[in-house]
Amino acid sequence: MRFSKKTVLVTGGAGGIGSDCVKKFAAEGAKVAIVDRSGDIARALAAEINAAGGTARAFVCDVTDNAQVEACVADVKAAFGGVDILVNVAGGSAREHRAFFYEQDVEIFRKNIEVNLFAAFYFARSCAPLMIEKGWGRIINIASIIGFNGHVKHAEYSAAKGGIIAITKSMAKEVGRYGITANTVCPGIIPTSNSNGGKGHGDLSHTNYLAMTPAPCDIANAVLYLASEEARFVTGMDLIVDGGRRLATRGTES
Ligand SMILES: NC(=O)c1ccc[n+]([C@@H]2O[C@H](COP(=O)([O-])OP(=O)(O)OC[C@H]3O[C@@H](n4cnc5c(N)ncnc54)[C@H](O)[C@@H]3O)[C@@H](O)[C@H]2O)c1
């Protein structure tokens, strides 16, 4: 029960990776705020956790709207007394609108940056003062190996995730003196609704890529480590969880 005295806010908490983080934090004693625009799924997940003896509550919010984010963080503070651990998971690639950068629609580009980068900034700026007040905190941002490598027809997503990787280091430098760490977890392809069921792996059998199917729990385990006391001296870092994909890639693969 590593998190029995902690409140965790997980954005995108109703999604594939987010819901696994929510369940694992709840199982280890945390009070969990499930933040998502999918209210029905978030409420059902909260009910499931509460029925099993945990503590969770759904908060419906469009994470790209700063006014909603500020109201949401205030609601979480009123319900649970603060936010100790912030996990920015909401986001994803512009799945239905993939295009070469020189053909991409400007509005699609802007919206994708908003959900993947601005939203994490909005939540971090609203939650950091609560952590500073307590002299302890964790900011964990979900990036992607595409934020390092780029990827064909993913210009907006690579820009946003590269931005998350960079802003997390600035956050770490600014809040370290208050006992707050800021890190990213950078997944490879994890089977969720957002990743085409993980079918994008291609043939990597000639490489040393780990011969196993990854799952959202592989990302959640990394998130819980960074949130834990075991990681108290780890900040400004990028924890790549990709089974070796980044080492194995060549050509245009991410
Ligand atoms: N699945 C992968 O292969 C993979 C790889 C690298 C990085 N990631 C990152 O992991 C994170 C989670 O991905 P996932 O695969 O679990 O996706 P998912 O689609 O299963 O979950 C995303 C969640 O975010 C929520 N969301 C999206 N836009 C929102 C908004 N404007 N306001 C509120 N909620 C919103 C959705 O409702 C959903 O519940 C994303 O940031 C994604 O970029 C995923």
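Reply: Start with strand β5 (residues 137-142), which is mostly covered: six of its six residues are buried. Strands are DSSP runs of E with at least two residues, and helices are runs of H or I with at least four, numbered from the N terminus. The model is predicted: local features need pLDDT of at least 70, side-chain atom pairs count only at pLDDT 80 or more, and totals for chains, interfaces and linings use all residues. Residue numbers start from 1 along each chain as its sequence is written.

Me: What makes a residue buried or exposed?

Reply: Count the other C-beta atoms within 10 Å of its own, with C-beta atoms placed from the backbone. A residue with 20 or more is buried, one with 12 or fewer is exposed, and one in between is partly exposed.

Me: Which residues of β5 cover each face?

Reply: G137, I139 and N141 lie on one side, R138, I140 and I142 on the other, and all are buried. In a regular strand the side chains alternate between the two faces of the sheet.

Me: Why is S193 called exposed?

Reply: S193 has 10 C-beta neighbours inside 10 Å, so it counts as exposed. S193 is found in the loop between β6 (180-187) and α7 (216-227). In sequence, S193 and G15 are 178 residues apart; in space they are 8.1 Å apart, C-alpha to C-alpha.

Me: Why is K153 called partly exposed?

Reply: Because K153 has 16 other C-beta atoms within 10 Å, it is partly exposed. K153 lies in the loop between α5 (146-149) and α6. Its phi is positive, about 60°, although K153 is not a glycine.

Me: How do you know which strands pair with β4?

Reply: Two strands pair if DSSP finds at least two bridges between them. Four bridges join β4 (residues 85-88) to β5, and these strands run parallel. Four bridges also join β1 (residues 7-11) to β4, again parallel. In β5, L86 has I139 as its bridge partner, and V87 has I140. In β4, the partner of V8 is I85.

Me: What makes β3 and β7 edge strands?

Reply: Each pairs on one side only: β3 (55-60) and β7 (238-241). The open sheet has seven strands in the order β3-β2-β1-β4-β5-β6-β7, with parallel pairing.

Me: What describes the packing of α3 and α4?

Reply: Two packed helices are described by the angle between their axes and the distance between the axes. Helix α3 (residues 66-80) and helix α4 (residues 106-134) pack at about 35°, with axes 9 Å apart. Axes are lines fitted to C-alpha atoms, for helices over the stretch in contact, and angles run from 0 to 180 degrees between N-to-C directions. The contact is made by N66, V69, E70, V73 and K77 of α3 and Y122, F123, S126, C127 and L130 of α4. Contact requires C-beta atoms, placed from the backbone, within 7 Å.

Me: Which residues come nearest the ligand?

Reply: Of the 27 residues around the ligand, G12, G15, G91, T192 and N194 come nearest. A residue is near if its C-beta atom, placed from the backbone, lies within 6 Å of the molecule. Helix α1 (residues 16-27) gives the most to this shell, with three residues.

Notes:
Two residues are in contact if their C-beta atoms, placed from the backbone, lie within 7 Å.
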